[in-house]
Amino acid sequence: MDNMLRQWHIYGFFFTVIMGTVIHYGMVRPKKLSLLRAMCPINESMWENLKLLFFPAVLFSIIEYCVVGRYYLSFIPARACGIIFAMLFWVLLFYAFTPLLTRFYVSCGVFMFFASAASCFLLSWRLLEMLTVGGLFAKLACLLLLAALGFLLVRFSFHPRTSPLFLDSAGKK
């Protein structure tokens, strides 16, 4: 696998972690519908925290695609799989380990975020080595899937459901 591509995946991990942290601690609660509210978590729910991974990873993926990804047939499917897997992995970690703790520790949440971001770029890199899928249909399907996921992340910020996934750490919507 190309050394440059490996470096870009490492840069992607750091970009996602740094931007996710900035977004988290830059949480804003604007009254009106805005792009900032749509992309930043508005509470401490697991659903809102998924934005910390999704939007920075997608932004970096766009940049990476323009620079090196366009030369790889399966870049878009591999990265889409990486992002979706990382989000599912984070939810799994959260719901597997939180009940075992007497209380939630911020350091555990940070570790889960870092582990999920790492899984995104590691899986994407490994899939790029193995996949040869990359036709127009596969690329469009993956892009539509990521767009739908982004839409749902924003939609449920403004209209949360009653599932525990949408409850913040204080137990309210």
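Colleague: Hi! Which side chain does arginine 79 meet in a salt bridge?

Modeller: Arginine 79 meets glutamate 64, at 2.7 Å from N to O. A salt bridge here is a side-chain nitrogen of Lys or Arg within 4 Å of a carboxyl oxygen of Asp or Glu. Keep in mind that this is a predicted model, where local features need pLDDT of at least 70 and side-chain atom pairs count only at pLDDT 80 or more, while totals for chains, interfaces and linings use all residues. Residues are numbered from 1 along each chain as its sequence is written, and side-chain values use heavy atoms, with hydrogens and water left out.

Colleague: Where do those two residues sit in the chain?

Modeller: Arginine 79 is in helix α4 and glutamate 64 in helix α3, 15 residues apart, so the pair links distant parts of the chain. Helices are DSSP runs of H or I with at least four residues, numbered from the N terminus.

Colleague: Are arginine 79 and glutamate 64 buried or exposed?

Modeller: Both arginine 79 and glutamate 64 are buried. Buried means under 20% relative accessible area, exposed means over 50%, and partly exposed is in between, using a 1.4 Å probe and protein chains only.

Colleague: How many salt bridges does the whole structure have?

Modeller: A search finds three. Another one joins glutamate 48 to lysine 51, with the closest N and O atoms 3.0 Å apart. Those residues are three apart in helix α3, which means about one helical turn separates them. Glutamate 48 is buried at 2% relative accessible area, and lysine 51 is buried at 0%.

Colleague: And what does glutamate 129 meet?

Modeller: Its partner is arginine 126, at 2.4 Å from N to O. Both lie in helix α5 (residues 106-130), again about one turn apart. Here glutamate 129 is partly exposed at 34%, and arginine 126 is partly exposed at 40%.

Colleague: Changing topic: how many aromatic pairs are there?

Modeller: There are 13. Rings of Phe, Tyr and Trp (its six-membered ring) pair if their centres lie within 6.5 Å; planes under 30 degrees apart count as stacked, over 60 as edge-to-face and the rest as tilted. Take tyrosine 65 and phenylalanine 75: their ring centres are 5.8 Å apart and their planes at 40°, so this pair is tilted. Tyrosine 65 belongs to helix α3 (residues 46-67) and phenylalanine 75 to helix α4 (residues 75-97). Phenylalanine 75 is buried at 2%, whereas tyrosine 65 is partly exposed at 28%.

Colleague: Which rings form a cluster?

Modeller: Ring pairs link Trp8, Tyr11, Phe15, Phe60 and Phe121.

Colleague: What about the largest nonpolar core: which residues touch the most other members?

Modeller: Those are Leu50, Leu53, Phe54, Ile83, Met87, Trp90 and Leu153, out of 40 residues in that core. The elements giving two or more residues to this core are α1, α3, α4, α5 and α6 (136-158), and α4 has the largest share, with ten residues. A nonpolar core is a set of buried Ala, Val, Leu, Ile, Met, Phe, Trp, Tyr and Cys residues joined through side-chain atoms within 4.5 Å.

Colleague: Last one: which residues of α1 are buried?

Modeller: Leu5, Trp8, His9, Gly12, Phe13, Thr16, Val17, Gly20, Ile23 and His24. Isoleucine 18, in that helix (residues 3-25), is exposed at 51% relative accessible area.
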